[in-house]
Amino acid sequence: MVVTKLAMRPYYRRKRMLRFFIILLLVLVLASLGVSGYVGWGLTHPAKQPLGDSPANYQITYQDVEFASRGDAIKLKGWFLPAKKSDKTIILAHGYKKNRVQDTVPALPLAKSLVGAGYQVLMFDFRNSGESEGTLSSVGELEKNDILGALDWVKSNHSSQVSLFGFSMGATTSLLAAADDPSVAGVIADSPFNNLKSYLTDNLSVWSHLPQFPFTPLIMNMLPPITGLHPERVDAFSAVDRIYPRPILFIHSIDDDSIPYTNSETLWEKHKDKFEFWKTSKAKHIGSYKLDPVQYTARVLDFLARIK
C-alpha cells in the first residue's frame with residue numbers, strides 16, 4: 001500500500017495543478033470580460049464636459065438655440081452666431097468627449113473669423129455632450145442624426161446655403177450627414193477616421209488604455225449587444241461616394257497622434273477631381289489651427305468661397 005500511495009502522488013499533484021490552472025484561466029477570462037464590458041460601457045457613456053467658454057468672451061453676437069435631433073426626441077442645445085447680410089451658414093461639429101467649444105482647436109476664435117468673413121455659424125453639442133440631452137455616445141452612428149437636426153433648424157430659420165465643418169468624430173459624422181442630405185453644399189473634415197470599425201480594430205487601445213489583445217476584440221464584440229451600436233455603420237469611405245461631386249476639404253496632420261492621416265488620404269484619393277487634401281505637419285490631433293491660425297483660416301475661407 002505504501003508503494004501504491006507513493007506512486008500515485010505525481011498523479012494527484014498533476015491533477016491539482018490542472019485544476020488550479022483551469023480555475024486561474026476561468027478567473028482571467030471572467031476578469032477580461034468584466035474589464036472589457038466596463039471599459040466599453042464607459043467609452044460609450046462618457047461624462048459630459050461643461051462649457052468652459054462663451055461667444056461673449058470674444059465679443060461675438062449670439063443667441064442660444066435648441067432643436068431636436070432628426071428622427072428622435074433628443075433635445076440639442078447650441079449657439080447661433082449671425083453674420084451681417086449673409087445667406088451662407090456653417091455648422092460646426094465637435095469631437096468625441098468634447099462639446100461645442102472644442103477647446104482643443106479652439107473653436108470659438110475660428111468661429112469669430114468665419115463670422116467676420118460673412119458666414120453665419122451654428123455651434124451645438126452632440127447628444128450626451130455639453131448641455132444637450134442623452135446618455136449614449138455612438139461616435140457617429142447616432143450623432144449623424146444630430147447634425148441632420150441642426151441642418152433642419154438652419155433651413156427652417158435661416159434660408160441659406162449650408163456647409164458642414166467637423167473635427168475628428170465630428171468630421172466623420174459630417175461626411176455621413178452630407179451623404180444622407182443633398183442640401184449640404186460642402187464639407188470641411190479636419191482629421192476624420194474613414195471607417196469606425198476598422199479604426200477601432202487598429203487603434204482602440206489609444207482610447208481604452210488597455211493592451212490591444214485580448215481587450216480590443218472583446219470590447220468590439222461586446223459593444224453591439226450591450227449598446228445596440230454597430231461601428232461598421234460609421235463608414236465615411238462609402239459616404240464620400242454619395243457626397244461626390246460636392247466638394248470636400250480634408251485637413252490632417254501627418255503627425256496626428258490619435259487618427260493616422262492616411263484615414264483622410266484614402267477618402268481624398270477616391271475623388272481627387274472634387275476633393276482637396278491639405279496635409280499639415282507638426283500638429284497633434286486636430287491641432288493644425290492652433291499651430292497656425294492665420295494659414296488655417298485662409299485655407300478654410302478660400303475653400304468656402306469656391307463652394308457654389
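Reader: Before anything else, what does buried mean here?

Author: Buried means under 20% relative accessible area. Keep in mind that this is a predicted model.

Reader: OK, so is histidine 271 buried or exposed?

Author: Histidine 271 has a relative accessibility of 16%, and since the cut-off for buried is under 20%, it counts as buried.

Reader: Where does histidine 271 sit?

Author: Look in the loop that links helix H8 (262–268) to S8.

Reader: And what is histidine 271 in contact with, apart from its neighbours in sequence?

Author: Once residues within four places in sequence are set aside, histidine 271 has contacts with Val240, Asp241 and Tyr244.

Reader: Let me zoom out. How many helices and strands does the protein have?

Author: There are 10 helices and 8 strands in the protein. It has 308 residues, and 50% of them count as buried.

Reader: What box do the C-alpha atoms fill?

Author: Taken along the principal axes, the box is roughly 105 × 40 × 35 Å.

Reader: What share of the contacts comes from residues 24 or more positions apart?

Author: If you take the contacts with a separation of 6 or more, 73% of them are between residues 24 or more positions apart.

Reader: Now the strands. In what order do they form the sheet?

Author: The order is S1-S2-S4-S3-S5-S6-S7-S8, in an open sheet of 8 strands with mixed pairing. Strands S1 (63–68) and S8 (275–280) are at the edges, and each has a single partner strand, so one side of each has no neighbour in the sheet. From one strand to the next, the twist averages 20 degrees.

Reader: Which way do S3 and S5 run, parallel or antiparallel?

Author: Parallel: strand S3 (residues 88–93) is joined to strand S5 (residues 161–167) by 6 bridges. If you want a pair to look at, alanine 93 has glycine 166 in S5 as its bridge partner.

Reader: Which strands does helix H4 lie across?

Author: H4 (residues 169–180) lies across S3, S5, strand S6 (184–190) and strand S7 (248–253). Relative to S5, H4 runs at about 145 degrees.

Reader: How do H4 and H7 cross?

Author: Their axes come within 8 Å, with a crossing of roughly 40 degrees between H4 and H7 (residues 236–243). That makes H4 and H7 oblique to each other. The H4 and H7 crossing is left-handed.

Reader: Which residues make that contact?

Author: On the H4 side you'll find Thr172, Leu175, Leu176, Ala178, Ala179 and Asp180, and H7 brings Ala236, Ala239, Val240, Arg242 and Ile243. Sorted by class, the contact of H4 with H7 has 8 nonpolar, 1 polar and 2 charged residues.

Reader: What about H3 and H4, at what angle do they cross?

Author: H3 and H4 cross at roughly 65 degrees, and their axes come within 8 Å. H3 and H4 are therefore roughly perpendicular to each other. This crossing of H3 and H4 is right-handed. Glu143, Lys144, Ile147 and Leu148 of H3 make the contact with Met169, Gly170, Thr173, Ser174, Leu176, Ala177 and Asp180 of H4. By class, the H3 contact with H4 has 5 nonpolar, 3 polar and 3 charged residues.

Reader: Staying with H3, where is lysine 155?

Author: Lysine 155 is in H3 (residues 143–157). At 39% relative accessibility, lysine 155 counts as partly exposed. Beyond neighbours within four places in sequence, lysine 155 has contacts with Asp181 and Ser183.

Reader: Last one. Which helix holds asparagine 203?

Author: Asparagine 203 lies in helix H5 (residues 196–208). With a relative accessible area of 16%, asparagine 203 is buried. Neighbours within four places in sequence aside, asparagine 203 is in contact with Gln212 and Pro260.

Terms used: Residues are numbered from 1 along each chain as its sequence is written. This is a predicted model: local features need pLDDT of at least 70, side-chain atom pairs count only at pLDDT 80 or more; totals for chains, interfaces and linings use all residues. Side-chain values use heavy atoms; hydrogens and water are left out. Helices (H or I, at least four residues) and strands (E, at least two) are DSSP runs, numbered from the N terminus. Buried means under 20% relative accessible area, exposed over 50%, partly exposed in between (1.4 Å probe, protein chains only). Contact means heavy atoms within 4.5 Å. Two strands pair if DSSP finds at least two bridges between them. Axes are lines fitted to C-alpha atoms, for helices over the stretch in contact, and angles run from 0 to 180 degrees between N-to-C directions. Angles under 35 degrees count as roughly parallel, over 145 as roughly antiparallel, 65 to 115 as roughly perpendicular and the rest as oblique. A crossing is left-handed if the near helix is turned anticlockwise from the far one by less than a right angle, and right-handed if clockwise. Ala, Val, Leu, Ile, Met, Phe, Trp, Tyr, Cys and Pro count as nonpolar, Asp, Glu, Lys and Arg as charged, and the others, Gly among them, as polar.
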